[in-house]
Amino acid sequence: MFELQVEGTFSAAHQVRGYPGDCAGVHGHTYKIEVRIRVEKLDKLGMAMDFRRLKMTLKRILKELDHKNLNKLSFFKKHNATAEWVAVYIFQKMKKKIKSVASITVWEGPNSSVTYHEDGE
Ligand SMILES: [Zn+2]
């Protein structure tokens, strides 16, 4: 099994509705996103997947979030704009393009991250 990882960043505003503290107000983060994919077999070139394809796909998804207020996007009207739900959002978008996505990690700052796996692996 091969595991590939690429990273990307975006900056956005959000607020955590109902949070008993500072995060209930609108504030911003530069989020760091890590995408991991798992692939069993290599192609003829000896690659699990072209890193370029993976990076481009991530870049397109993050572009939709960059310099936005996350709470204004329809997904985050249904789900609170926590790092956990940001991970789910990106996972779902990624899965539509790349089936072998295994997990998404969202860093809200240098010391705190959350990782979402779809099937509890
Ligand atoms: Zn925050």
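How many bridges join E4 to strand E5, and do the two run parallel or antiparallel? Select residues 112–117, which form E5, together with E4 (101–109): six bridges join these strands, and they run antiparallel. Strands (E, at least two residues) and helices (H or I, at least four) are DSSP runs, numbered from the N terminus; two strands pair if DSSP finds at least two bridges between them. Within this pair, Gly-109 stands opposite Ser-112, and a hairpin connects E4 to E5 through two residues.

Before continuing, note that this is a predicted model, in which local features need pLDDT of at least 70 and side-chain atom pairs count only at pLDDT 80 or more, while totals for chains, interfaces and linings use all residues. Residues are numbered from 1 along each chain as its sequence is written.

**The active-site annotation**

Next, select Cys-23, His-67 and Glu-108, which an unreviewed UniProt entry annotates as "active site". UniProt positions follow the numbering used here, feature names are shortened, and annotations may be inferred rather than shown by experiment.

Glu-108 belongs to strand E4. Because 17 C-beta neighbours lie inside 10 Å, Glu-108 counts as partly exposed. A residue is buried if 20 or more other C-beta atoms lie within 10 Å of its own, exposed if 12 or fewer, and partly exposed in between, with C-beta atoms placed from the backbone. Apart from neighbours within four places in sequence, Glu-108 is in contact (C-beta atoms, placed from the backbone, within 7 Å) with His-29, Tyr-31 and Ala-83.

Cys-23 is located in the loop between strand E1 (2–14) and E2. Cys-23 has 16 other C-beta atoms within 10 Å and is therefore partly exposed.

His-27, in strand E2, has 11 other C-beta atoms within 10 Å and so is exposed.

**The nonpolar core**

Finally, select Val-86, Ile-90 and Ile-104, the residues with the most contacts inside the largest nonpolar core, which has 22 residues. Such a core is a set of buried Ala, Val, Leu, Ile, Met, Phe, Trp, Tyr and Cys residues joined through C-beta atoms within 7 Å. Helix H3 (83–97) is among the elements that each supply at least two of its residues; the largest share, eight residues, comes from H3.

Definitions and conventions. Two residues are in contact if their C-beta atoms, placed from the backbone, lie within 7 Å.
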